[in-house]
Amino acid sequence: MKRTVLLLLSVCVCVFVLSGCQGYREIDSEYLVSAIGFDKSDKKFKVYCEVLAIATDERDSESKVFSASGSTPYEAVGRINALMPKTAVFDHCGTALISENLEGKDLKTVFDYLYDTKNLNLGIHLFVCEDIKDLLSCDSQAHSVGYDIMSVGTNIQKTTGISFKNKFYEIESRIISTGGFCVPQAQSVSDRPAIKGQMVFANYEPVITLDGNDAEIYNILFSGSSGGAISVSGERCRVNRITSDLEVKNGTLLVKIRCVYRHSEDSKSEEIRGEIESLINNFSGTKALIPLGIKNDIKALNVEVN
Amino acid sequence: MENSKQTPFYIALISCFLAASSLLKAPFYKKSVTPVIVSFVAAILISIGFCYACDFVLRRITSNNIQRIIAIILAAAAVAVATFAFMEYTEFIYSAVLLRASKLLIKAVFAFCVFCVSISKKEGLYKFAFLSVLLASAVFIIMFLLSVKNFDIRNLSGIIQLKYFSLKQTGVYLLKMFLPALAAVLFIVKNERQPVALPILSGVVFGGVIFAVTLLDSILTFGLPLAAKLTYPYLSDISTVTVGNLFTRMDGFAYFAFFACYIVKCGVCINLAATLVSEKYKKILCLLLSAALVIF
């Protein structure tokens, strides 16, 4: 019994000791990268890194933005590392910002970089934006614009139920299966990060930018919505879950929607059904469906609201 | 110890072997979308058939010389299993965990650990395997539950659509998972005088469940095509696990599970090889074989 306890204790010690804690450093001796941005100008990749310099007193913590250019993202990141007075830790980087200038081969190079770099998490959130420098200079609540943008996305999911599915592995998975993917578009509004719509890509080329109702419908159809709200005559109605069943027939996307509505005293099921039907049939972003093999149109075949 | 009391230890040992074969690099043929279920079951049936065929042949051999030759062949096979496991684990450590550490140092430390495990008594090895599987299972279950929020149920359609049987994929399962696990079976059979068929089968089932849970975890998160493309799918999967906003990169907690399963696999194989060659010089042979692993 005594030996078993000793063995168990030694195994428990191993759990913590053999967990790769080599090269232990104090947290204030390094920069925590919260966002990484990629742009291209003058045939060179320009990489931006927003870093958090964490101090013992949280009020003294601050964020800084470093940038450098290189013929590849690796070279640019290497130059940024050389510029920084402290070691940069990329493991907890939450956001990757992609410039709207990047497309085709350049965008693929950036995606390959994100895929191959061991220190970057596959769960990193992707956003496209017009001006990375402008976005990263926004006023931040959490000392970091990178983490703030992630929170904006999470809040949208909480309030509207729309899930952007913009984690890098979710996008990479779509690229492998369909070649098409969409990325939320971030911008600075009143010096705060905000999401204005979504950009749809096919084979790394931008196809269309969706906003408002179209972005909402696109997400319901292709990303799924775990619940949230549907706007009916200007009033937001809470729904528990919206799921879609899609079928492509002769180049037309036939949609079946099942919506579980949170009933109150006066049921608005019929109004919600009409609203979803109208949103689908008036979807103006048909171009966004081309990467998915839909050439003609989109049609609500059956909308069921319970 | 009675056979029934030993059963969990046998199960744990075989589970360690199967887990160590599938945890790091998922056994996919050429990293492509391949059939999973049919080939997996076929590989289990073939390996069990192989096991019984060997047993049938060995029982009919009475010549000492032939027995000696067979023992040396089996010892060489055990060393090969240990070598591949050693290479896979050390490559994982210096390419994914300790990026800046010296390769030789990593290999030397792991080889030393393998030596320490290989010279243990069989009871010690069983207990270590049992505790390792216990902790590893706890880690896998916790990681699975924490990953649930990342799951996309539509990713399952990739598996459901796989209707056909692939000989190549069956071969990958056999070579990578089930034939190496026969070293554990041989270790048990050599050390025990009682029938152990049922515990061995239970071990295969339990190891298969561990493999299925970790594979399902990766497939539900990434989808089959991406899971097949990734070098370390399960590790990548658990690296995306977050608990609230505060705890990210939980993959560090699973490293011990990987370490324990691989060290049991390598240690048992070295022990088996040394025992098969010479009981008298077992410790010296364990030392030489463990040291030789550093070359690879």
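Let me start with helix α2 of chain A, residues 73-83, where Arg79(A) and Glu75(A) sit four residues apart and are therefore separated by about one helical turn. This is a predicted model, and what I say about it is computed from that model.

The side chains of those two residues form a salt bridge, with N and O 2.9 Å apart. In general, side chains of opposite charge can pair when their charged atoms come close. Neither end of this pair is buried: Arg79(A) is partly exposed because its relative accessibility is 39%, and Glu75(A) is partly exposed at 30%.

How many salt bridges are there over all chains? The count comes to seven. I will go through two others.

One of them is again in chain A. Asp106(A) and Lys40(A) meet through their side chains, with an N to O distance of 2.9 Å. Asp106(A) has a relative accessible area of 23%, so it falls in the partly exposed class. Lys40(A) is partly exposed as well, with 24%.

The other is in chain B. Glu91(B) forms a salt bridge with Lys25(B), and here the closest N and O atoms are 3.6 Å apart. Glu91(B) is in helix α3 of chain B, residues 64-97, while Lys25(B) is in the loop between α1 (3-22) and α2 (37-59), so the pair ties together parts that are 66 residues apart in sequence. Glu91(B) is partly exposed at 32% relative accessibility, and Lys25(B) is partly exposed at 23%.

Next, the hairpin in chain A. Strand β8, residues 192-202, and strand β9, residues 205-210, pair in the antiparallel sense over five bridges. Within this pairing, Met199(A) has Thr209(A) of β9(A) as its bridge partner. As a reminder for anyone looking at the strands, side chains in a regular strand alternate between the two faces of the sheet.

Two residues lie between β8(A) and β9(A) in this hairpin. What is the phi of Asn203(A), in the turn? Asn203(A) has a positive phi of about 45°, although it is not a glycine. Tyr204(A) also lies in the loop between β8 and β9 of chain A, and Tyr204(A) has a positive phi of about 70°, again without being a glycine. For background, most residues other than glycine have a negative phi.

Tyr204(A) is buried, because its 13% is under the 20% cut-off.

With a relative accessibility of 42%, Asp131(A) counts as partly exposed.

The nonpolar one is in chain B and covers about 590 Å². Which residues make it? They are Ile37(B), Val38(B), Val41(B), Leu45(B), Phe165(B) and Leu167(B). Helix α2(B) gives the most to this patch, with four residues. Val41(B) lies in helix α2 of chain B and is partly exposed, at 41% relative accessibility.

Val172(B) lies in helix α7, residues 167-191. Val172(B) counts as buried because its relative accessible area, 18%, is under the 20% cut-off. How far apart are the C-alpha atoms of Val172(B) and Phe40(B)? They are separated by 9.5 Å, while along the chain the two residues are 132 residues apart.

Leu216(B) is found in helix α8, residues 197-222. At 32% relative accessibility, Leu216(B) is partly exposed. From Leu216(B) to Thr242(B) the C-alpha distance is 18 Å, and the two are 26 residues apart in sequence.

Note on methods:
Residues are numbered from 1 along each chain as its sequence is written. Chains are lettered from A and ligands numbered from 1 in the order in which they are written. This is a predicted model: local features need pLDDT of at least 70, side-chain atom pairs count only at pLDDT 80 or more; totals for chains, interfaces and linings use all residues. Side-chain values use heavy atoms; hydrogens and water are left out. Buried means under 20% relative accessible area, exposed over 50%, partly exposed in between (1.4 Å probe, protein chains only). Two strands pair if DSSP finds at least two bridges between them. A salt bridge is a side-chain nitrogen of Lys or Arg within 4 Å of a carboxyl oxygen of Asp or Glu. Patches are made of residues with over 30% relative accessible area and no salt bridge: like charges are joined within 9 Å, nonpolar side chains (Val, Leu, Ile, Met, Phe, Trp, Tyr) within 5 Å. Accessible areas come from the Shrake-Rupley method with a 1.4 Å probe; for residues, only the protein chains shown count as cover.
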